[in-house]
Amino acid sequence: MTPMQPAHTELEAARHIAELLDRLGRATHALQFVHGLNPAQWEALRFLGRANRYSRSPTILAEYLGTTKGTASQTLRALEDKGYVRRCKDCADRRGVTLEITSEGRALLDLDPMRDIEQAVAALAAPCAAHLAEGLAQVLAKVRSRCRQGQFGVCERCSHLVAAGESQTTQCGLTGDTLSLDERKLLCANFSDCEC
């Protein structure tokens, strides 16, 4: 065995994983042409269902989707026309708009085709699933930095989250707002996983 063989094997393994991710991405994309929505509409609806109060705006949705504001606006318009999303005036900023999912939109999320992927992952042995999640998170972080996309993450894992005294409440270190237990599990555009 020459010293070059292990590197060649690692390169082949990396290529194989990249191909598997590409095929999984294509399969996931195909699954989402269902219930009258396309993949972009499902992704927008899914994001709005998990986004916190600071992140439910058209601009942040465009950032999350990695698309232009115009494309995100078309996606939102389609969801509004179907009765799944509505725009509301932002109380904090009269010029701003907050996006909300309607009860029909929440009911549709119960039929989310991504549940098929979730079930496939849930069938993995726990150590395998943990390694997969850790590895994919690292790959995604590297790819996102190259694409200059925002990080996004849940508040309870954010470095901005601070305890508010001896009570069970916490606060967002950026806004000073108190966060409920439910809010800490939502996605935020201001997420940071490091103490910077």
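Analyst: Buried means under 20% relative accessible area, exposed over 50%, and partly exposed in between (1.4 Å probe, protein chains only). This is a predicted model: local features need pLDDT of at least 70, side-chain atom pairs count only at pLDDT 80 or more, and totals for chains, interfaces and linings use all residues. Residues are numbered from 1 along each chain as its sequence is written, and side-chain values use heavy atoms, with hydrogens and water left out.

User: Is Val143 buried, partly exposed or exposed?

Analyst: Val143 sits in helix 7; helices are DSSP runs (H or I, at least four residues), numbered from the N terminus. The relative accessible area of Val143 is 45%. That value lies between the 20% and 50% limits, so Val143 is partly exposed.

User: Which rings form the aromatic pair?

Analyst: Rings of Phe, Tyr and Trp (its six-membered ring) pair if their centres lie within 6.5 Å; planes under 30 degrees apart count as stacked, over 60 as edge-to-face and the rest as tilted. A search of the whole structure finds one aromatic pair. The centres are 4.3 Å apart and the planes at 25 degrees, so the pair is stacked: Phe47 and Tyr64.

User: Where in the chain are Phe47 and Tyr64, and how many residues apart?

Analyst: Both residues, Phe47 and Tyr64, are buried. Phe47 is in helix 2 and Tyr64 in helix 3 (residues 58–65). The pair links distant parts of the chain, 17 residues apart.

User: Which residues of helix 2 are buried?

Analyst: Helix 2 covers residues 39–50, twelve residues. Its buried residues are Pro39, Gln41, Trp42, Ala44, Leu45, Phe47 and Leu48.

Methods: Helix = DSSP H or I, 4+ residues; strand = E, 2+ residues; numbered from the N terminus. Expected span 1.5 Å × (residues − 1).
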